[in-house]
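The exercises below are to be worked with the sequence and the model side by side. Each task is followed by a solution that goes step by step.

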Amino acid sequence: MNQIEANPRHVPEIVDYVVDRLMAEGYADLSDRSDLHLYQDRSLHRQMMEGKIEHTEDVVCATDDIIREMGGRIEGSEEEWNSYQAGAIARLHDIGRFTEITKYGTFNSRVTGFDHSKDGALIFDFLFGNSDEGRILERLGCDLQVIEEAISYHSVKDYRGNNQYVYLIRDADKLALLRRLDFQEDVINRDQNLAAEGYSADVVRQVLADHTSVSHGTVLTKADSLIRLFAFLLNINFDATKGLLLRSAFLPELIKKFQEYSLPNEVIKAMINVVVEEWNKTAKTTTFTRQDFPLVE
Ligand SMILES: [Fe+2]
C-alpha cells in the first residue's frame, strides 16, 4: 500500500483552500454581527459551526470508506469512482450551513425556511463556476455539474436521478451521522422540547407502515428522536454502506437505548424487519437477512 492509499482523505487541495478561506471570512463576519435574531450567544454559533466542520470531516471519511468498501467501482457497474470528485462533494455538501448560521443563527430549517442544499449549490457555482479554481477541479477529472447537483440534492427527501454521486453523498451523510450516536444523543438531551419518557405511536407507524423517514414535526419524545435516527436506515442506497453500518457500533448501541426507553422488543424487531425488507429492494450484490442484525431479546 503506498502513501496515498494509507491516507484515505481525497479532498482536492483547492477545495480545502477555498472552504477554509470562506470559513475564516465567515468567522470574521460572525464576530461583527449584532443583528442575529434567534440566539444572541455568539459562542454558541461558533460551537455550532465547529460541529458542522467535524460532521464534514466525518462525511469525508465515510465517503472514502464506502468507495473502498466497493473496491473503487460504482456498485453494479464497471465504472470507477473519481475519489477526488467524491471528496470535493463531501467537503462542500454542507457549505450552505454557513450562510444559514450567519444569517439566521440556527440550523432549524422549520424556523428559517432556508434550504442549505440549494444555497450550497449556489455558493459552489459562485466559487468554482467559470473560475481558475473550477478549472483546477476539472483537471482532476471532476465534472462541476455533477458536484453541484450532488450538493443540491444531498438532503432532499427522495432522489431518483442517475447521478451516482448524489446517492454516494446521501449514504455518506447518513453513515457519518449514525456513527456518532453519542453526539446525536447529546443533541437530543439538550432539546428542551422533547419529553423524557415514552414514544409516539405515530412515529413507529411511519417506520412500520409507511417505511419512510420520520417527519420532524411528529417527534415528541427522546425515544422518538432515536427512532427518527434509526429510520435513516430505510433510505440507504449502496450495499457497501449497508455492510459498513452492520459492522459499526451504532446498531447494538441504539437497540440498547431503545430498550432503556422501554420500546417493546416486538416493536424493535418489527422495525429491523422493515429495514431488511427495504435493503433487499435496493440490493445489487448482497441479500440481507434478519441474522445480519444484532439479536434482540
Ligand atoms: Fe446537509
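**Exercise 1. Determine what distance separates the centres of domain 1 and domain 2, and describe the side of domain 1 that touches domain 2.**

Step 1. Taken over C-alpha atoms, the centres of domain 1 and domain 2 are separated by 25 Å; the division of the chain is into domain 1 (3–174) and domain 2 (179–292), with bounds that come from an automatic or database domain assignment. Residues are numbered from 1 along each chain as its sequence is written. This is a predicted model, in which local features need pLDDT of at least 70 and side-chain atom pairs count only at pLDDT 80 or more, whereas totals for chains, interfaces and linings use all residues.

Step 2. Across the boundary, 13 residues of domain 1 are in contact with 15 residues of domain 2, a contact being a pair of residues whose C-beta atoms, placed from the backbone, lie within 7 Å.

Step 3. On the side of domain 1 that touches domain 2, the elements giving two or more residues are α3 (42–69) and α10, where helices (H or I, at least four residues) and strands (E, at least two) are DSSP runs numbered from the N terminus. The residues of this side divide into 9 charged, 3 nonpolar and 1 polar, with Ala, Val, Leu, Ile, Met, Phe, Trp, Tyr, Cys and Pro counted as nonpolar, Asp, Glu, Lys and Arg as charged, and the others, Gly among them, as polar.

**Exercise 2. Decide how far the model can be read in detail, using pLDDT.**

Step 1. The chain has a mean pLDDT of 90, and 92% of its residues reach 70 or more; pLDDT is the predictor's confidence in each residue, from 0 to 100.

Step 2. Among the elements of the chain, the highest mean pLDDT, 98, belongs to helix α9 (residues 144–153), and the lowest, 44, to helix α1 (residues 3–6). Over residues 1–6 the pLDDT is below 50, and this stretch has 1 contact in the model beyond near neighbours in sequence.

Step 3. Where pLDDT is low, the predicted coordinates should not be read in detail.

**Exercise 3. Describe the overall build of the chain from its helices and strands and its radius of gyration.**

Step 1. The chain has 16 helices and 0 strands. Its radius of gyration, 20 Å, is close to the 19 Å that the globule rule gives for 297 residues, so the chain is as compact as a globular protein of that length; the radius is taken over C-alpha atoms, and the rule is 2.2 Å times the number of residues to the power 0.38.

Step 2. Along its principal axes the C-alpha trace spans about 55 × 50 × 35 Å. Of the contacts in the chain with a separation of 6 or more, 70% are accounted for by residues 24 or more positions apart.

Step 3. Of the 297 residues, 34% count as buried, that is, 20 or more other C-beta atoms lie within 10 Å of their own, against 12 or fewer for exposed residues and values in between for partly exposed ones, with C-beta atoms placed from the backbone.

**Exercise 4. Locate the largest nonpolar core and name the residues that touch the most other members.**

Step 1. The largest nonpolar core holds 65 residues, of which I66, I89, A172 and I227 touch the most other members; such a core is a set of buried Ala, Val, Leu, Ile, Met, Phe, Trp, Tyr and Cys residues joined through C-beta atoms within 7 Å. The largest share of this core, 9 residues, comes from α10.

Step 2. Because domain 1 (3–174) and domain 2 (179–292) both give residues to the core, it lies between them.

Step 3. Residues up to four places away in sequence not being counted, I89 touches I147, A150, I151, Y165 and I169. The buried residues of α13 include I227.

**Exercise 5. Compare H211 and S262: where does each lie, and is each exposed or partly exposed?**

Step 1. H211 lies in the loop between α12 and α13, and phi of H211 is near 55°, a positive value in a residue other than glycine. With 15 other C-beta atoms within 10 Å, H211 is partly exposed.

Step 2. S262 lies in the loop between α15 and α16 and, although not a glycine, has a positive phi of about 60°. With 10 other C-beta atoms within 10 Å, S262 is exposed.

Note on methods: Contact = placed C-beta atoms within 7 Å.
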